[in-house]
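Have the model open while you read.

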Amino acid sequence: MTEATAIDIRDIPFTTADGAEATLADYAGKVLLIVNVASRCGLAPQYEQLEKLKKTYGDRGFDVLAFPSNQFLQELSKMDDILEYCSMTWGVTFPVMDKVRVNGKKAAPLYKELTKTPDADGKAGRVEWNFEKFLVLPDGRITRFRPRTKPDDPAIVSLIEQNLPD
């Protein structure tokens, strides 16, 4: 559970790219890296590092969940185009969900909870930009990494390795 509320983040529904409903509980026991992504962002090369993490740790209980967002006006308009871009440009095999808003009154419920998590400097609140990362551990604890922290940063890799299921 997030420390700020009694809501278990694993029970908050979201929509997959194909329109189905899912929750983080569907990934029970896994270490999850949740990332808001955008195809036209200068940080889009992080897709490559995200995919490498998936390939390295995916069979050991790790996954990346990408949530496209046009909140910063850098995402393609159609889901089919987003999925094609991710697959063809970066070889993405991890799940890409339906587009969401990550900030404001109309933010997706999952992001309303995620953004209550402070970063390493103790700052919670709004997502700063595309490719902000939230590492959700199997016990529900969350660690937040700002957009310029690369997915293969030693702090992220260390937390993934320390929390993979046995």
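Buried here means under 20% relative accessible area, exposed means over 50%, and partly exposed is in between (1.4 Å probe, protein chains only). Helices (H or I, at least four residues) and strands (E, at least two) are DSSP runs, numbered from the N terminus. This is a predicted model, so to speak of local features takes pLDDT of at least 70, side-chain atom pairs count only at pLDDT 80 or more, and totals for chains, interfaces and linings use all residues. Residues are numbered from 1 along each chain as its sequence is written, and side-chain values use heavy atoms, with hydrogens and water left out.

Let's start with H2. Met79, Ile82, Tyr85 and Cys86 are buried in this helix. Seen down the axis of H2, the buried residues fall within an arc of 125 degrees (taken from the directions from the helix axis to the C-beta atoms), so they line one face of the helix. Asp80 and Met88, on the other side of H2, are exposed. Helix H1 (46–57) and strand E4 (62–68) are among what covers the buried residues of H2, where contact means heavy atoms within 4.5 Å. After H2 comes glycine 91, with a positive phi near 65 degrees.

Now the cysteines. The structure has zero disulfides, a disulfide being a pair of cysteine sulfur atoms within 2.5 Å.

| Cysteine | Relative accessible area | Closest cysteine sulfur |
|---|---|---|
| Cysteine 41 | 7%, buried | cysteine 86, 12 Å |
| Cysteine 86 | 1%, buried | cysteine 41, 12 Å |

The sulfur of cysteine 41 is too far from that of cysteine 86 for a bond.
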